[in-house]
Amino acid sequence: MSLRTPLGVALGRGAARAGVHHWWVQRVTAVALVPLTLWLLFSLSRLPLADQAAVTDWIAAGWHPVLLCLTILVMAWHSVLGVQVVIEDYVHVKLTRTVTLLLVNFIHVVVAAAGIYAVLRVAFRSP
Amino acid sequence: MPARPLSPHLSVYRFAHNMVLSFSHRISGLYLALGLLVLVWWFGAAAGSEAAFADANRLLSHWFARLLLLGWLLAFCYHLANGIRHLLWDAGVGLEKQQARRGSAIVVVITLLFFAVMAWRLFAAAAGTP
């Protein structure tokens, strides 16, 4: 049974319904990011980062492409959810807020796509 | 429709350590979001030509870039430590005032230790490469 009044529903007032889901996904991505980002940081710290061959060999090795794609995707997801909350907190003008949120979402999608593309390019290159 | 009133916040709250950690969590998160852009850009360069990768690394070797990178490392260490504290809070752990205060201290100590270790590993190693 909904606690919302019909007038409230008609005026579009009140919670947008997806709030808890956002909160939950933020936690799920956070939990996933603990091992993923630690793995990425430790791996990068052991690589000779100026050596392109070493770096690309590492990217293409075994499970790394999968882990890298997952890390990039989950980082972007966690990031977009977090930034959304910040914008919702500080931008009060509806139009500006909507446009900013759209832009932020699009940028994150592009960033994730670019990252995954780069990893796959390296992973699928001919040996 | 008139704008709804907003409660005062920064102007009325007494300074408290937890408050600083809370801002820092948000700020480090935003800074890390920027860092994600740079990380993906660097992966793109690694996937690209030798010239592209060399250019990227040269840019990142500049003292200002190094400073920003150290910042990203610090932001990451902090956001991870405090993030885990947030997850514990979500599970109901550590919500009492004394526990939260202790938690704040633990987060700061872990952040600094982890940062020191990783900064040494990453930058000492980098100093050794041509």
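This is a predicted model: local features need pLDDT of at least 70, side-chain atom pairs count only at pLDDT 80 or more; totals for chains, interfaces and linings use all residues.
**Entry 1: secondary structure**

I began with chain A. I found five helices and zero strands there. From the N terminus on, the elements of chain A read α-α-α-α-α. I then turned to chain B, which has four helices and zero strands. Its pattern along the sequence is α-α-α-α.

**Entry 2: overall dimensions**

I looked up the radius of gyration for each chain. Chain A comes out at 20 Å, whereas a compact globule of 127 residues would be near 14 Å. The C-alpha atoms of chain A fill roughly 65 × 30 × 25 Å. The C-alpha trace of chain B spans about 55 × 45 × 25 Å.

**Entry 3: burial and surface**

What share of chain A is buried? I get 38% of its 127 residues. In chain B, 32% of the 130 residues count as buried. Chain A exposes about 7,900 Å², and carbon and sulfur atoms supply 73% of that area. Chain B exposes about 8,400 Å², with 71% from carbon and sulfur atoms.

**Entry 4: contacts along the sequence**

I took contacts with a separation of 6 or more. In chain A, residues 24 or more positions apart account for 68% of them. In chain B the share is 71%.

**Entry 5: charges**

I counted 9 positive and 4 negative side chains in chain A. The centres of these two sets lie 15 Å apart. Chain B has 10 positive and 4 negative side chains, and its two centres also lie 15 Å apart.

**Entry 6: nonpolar cores**

Which residues have the most contacts inside the largest nonpolar core? I list A:Leu40, A:Leu44, A:Trp58, A:Ile59, A:Leu68, B:Trp42 and B:Phe43, in a core of 31 residues. From chain A, helix 2 (19-45), helix 3 (52-60), helix 4 (64-90) and helix 5 (94-123) each supply at least two residues of this core. Helix 1 of chain B gives the most, with seven residues.

I followed A:Ile59 further. Leaving out residues up to four places away in sequence, A:Ile59 touches A:His64, A:Pro65, A:Leu68, A:Val119 and A:Val122 in chain A, plus B:Phe43 and B:Ala46 in chain B.

I also logged a second, separate core of ten residues. Among them are B:Phe76, B:Phe114, B:Met118 and B:Leu122.

How values were computed
Residues are numbered from 1 along each chain as its sequence is written. Chains are lettered from A and ligands numbered from 1 in the order in which they are written. Side-chain values use heavy atoms; hydrogens and water are left out. Buried means under 20% relative accessible area, exposed over 50%, partly exposed in between (1.4 Å probe, protein chains only). Contact means heavy atoms within 4.5 Å. Accessible areas come from the Shrake-Rupley method with a 1.4 Å probe; for residues, only the protein chains shown count as cover. Lys and Arg count as positive and Asp and Glu as negative; His and the chain ends are not counted. The place of a charge is taken as NZ of Lys, CZ of Arg, CG of Asp or CD of Glu. A nonpolar core is a set of buried Ala, Val, Leu, Ile, Met, Phe, Trp, Tyr and Cys residues joined through side-chain atoms within 4.5 Å. The radius of gyration is taken over C-alpha atoms; the globule rule is 2.2 Å times the number of residues to the power 0.38.
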